[in-house]
Amino acid sequence: MKKQLLFILCAITIECSAQTFSNTIGGTIPDNNTEACFPLTVNGLPLQINTNSFGLIQVCVNISHSYTSDLKIKVTSPDGTSILLASNNGGSGDDFTNTCFAANGANGAIGSGTPPFTGVFAPFQSTNLLNNLQNPNGIWNLCLLDEVMADTGHLYSYSLTFGANPPADTIYGGGGNACSLTNGMACVCPDSSQICDLLPDMTASALIIQ
């Protein structure tokens with residue numbers, strides 16, 4: 001009951017309608033197939049985020065890189081859940097400039113975009129996978145992996161925006177985004193891996209039939 005009242009109060013106050021936390025320090029992206037993570041402290045939010053009343057709305061990044069398809073961009077929440085925002089997208093193009101990721105990306109799926117990526121895109125895996133009833137207060141990380149040597153890059157900043165009524169997933173054709181029966185690569189298991197039985201009832205039924 002207390003949590004429900006907290007969400008109601010949050011939804012009707014300006015402070016909770018949209019709060020943005022930013023990392024403006026950034027850093028160089030290692031060019032040796034080694035993941036680099038950049039932390040961001042989030043505090044003062046309700047003790048639970050979900051897909052209905054209050055949660056993560058979008059993630060925005062400013063990254064320079066001379067070959068964007070070298071990159072995997074991932075965000076990890078305080079409870080250890082990770083999602084891929086972008087995965088080897090953009091071919092030989094350059095940069096993520098004022099690039100935002102939201103479940104209902106107005107500019108379509110990131111996989112269908114063209115660098116320099118500017119605007120709001122549906123990420124490779126839905127941001128709503130992070131609105132999993134966890135406590136959002138704590139350390140978040142944006143993690144970057146440059147999988148190919150030669151071309152280099154730098155993270156200049158990134159931000160997380162939380163607010164009321166997180167947008168629902170919009171499914172675009174191709175490019176990868178929301179978790180669905182036709183886009184299994186966008187699904188994340190409870191332990192943040194991608195190998196598990198996502199349909200336990202069907203799995204159990206199959207075992208009984210055998």
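Is phenylalanine 162 buried or exposed? Phenylalanine 162 is buried, at a relative accessible area of 0%; buried stands for under 20% relative accessible area, exposed for over 50%, and partly exposed for what lies in between (1.4 Å probe, protein chains only).

1. Basis of the note. This is a predicted model, in which local features need pLDDT of at least 70 and side-chain atom pairs count only at pLDDT 80 or more, while totals for chains, interfaces and linings use all residues. Residues are numbered from 1 along each chain as its sequence is written, and side-chain values use heavy atoms, with hydrogens and water left out.

2. Aromatic pairs. The whole structure contains four aromatic pairs. Rings of Phe, Tyr and Trp (its six-membered ring) pair if their centres lie within 6.5 Å; planes under 30 degrees apart are called stacked, over 60 edge-to-face, and the rest tilted. Phenylalanine 21 and phenylalanine 162 form an edge-to-face pair, because their ring centres are 6.0 Å apart and their planes stand at 75°. Phenylalanine 21 belongs to strand β1 (residues 18–23) and phenylalanine 162 to strand β10 (residues 153–164), so the pair ties together parts that are 141 residues apart in sequence. Strands (E, at least two residues) and helices (H or I, at least four) are DSSP runs, numbered from the N terminus. Phenylalanine 21 counts as buried at 12% relative accessibility. Ring pairs also join Phe21, Trp140 and Phe162 into a cluster.

3. A stacked pair. Phenylalanine 162 is buried. The rings of phenylalanine 96 and phenylalanine 117 have centres 4.8 Å apart and planes at 20°, so this pair is stacked. It links distant parts of the chain, with phenylalanine 96 in strand β7 (residues 96–101) and phenylalanine 117 in strand β8 (residues 117–121), 21 residues apart. Both phenylalanine 96 and phenylalanine 117 are buried.

4. Disulfides. Taking a disulfide as a pair of cysteine sulfur atoms within 2.5 Å, the count comes to two. In one of them, the sulfur atoms of cysteine 37 and cysteine 143 are 2.1 Å apart, and the link is right-handed, with 110° about the S-S bond. Cysteine 37 is in strand β3 (residues 36–42) and cysteine 143 in strand β9 (residues 138–146), so the pair ties together parts 106 residues apart in sequence. Cysteine 37 counts as partly exposed at 38% relative accessibility, whereas cysteine 143 is buried, at 2%.

5. The disulfide of cysteine 60 and cysteine 100. Here the sulfur atoms are 2.0 Å apart, and the link of cysteine 60 and cysteine 100 is right-handed, with 100° about the S-S bond. The pair links distant parts of the chain, from cysteine 60 in strand β4 (residues 54–65) to cysteine 100 in strand β7, 40 residues apart. Cysteine 60 is buried at 14% relative accessibility, and cysteine 100 is buried at 11%.

6. Tyrosine 158. This residue is placed in strand β10 and counts as buried at 2% relative accessibility. Tyrosine 158 and phenylalanine 21 are 137 residues apart in sequence and 8.6 Å apart in space, C-alpha to C-alpha. Not counting residues up to four places away in sequence, tyrosine 158 touches several residues, among them Phe21, Cys60 and Trp140; contact means heavy atoms within 4.5 Å. The side chain of tyrosine 158 also reaches the backbone nitrogen of leucine 40 at 3.5 Å.

Notes. A polar contact is a pair of N or O atoms within 3.5 Å; within protein, one must be able to donate a hydrogen and the other to accept it, and residues adjacent in sequence count only if both atoms are side-chain atoms.
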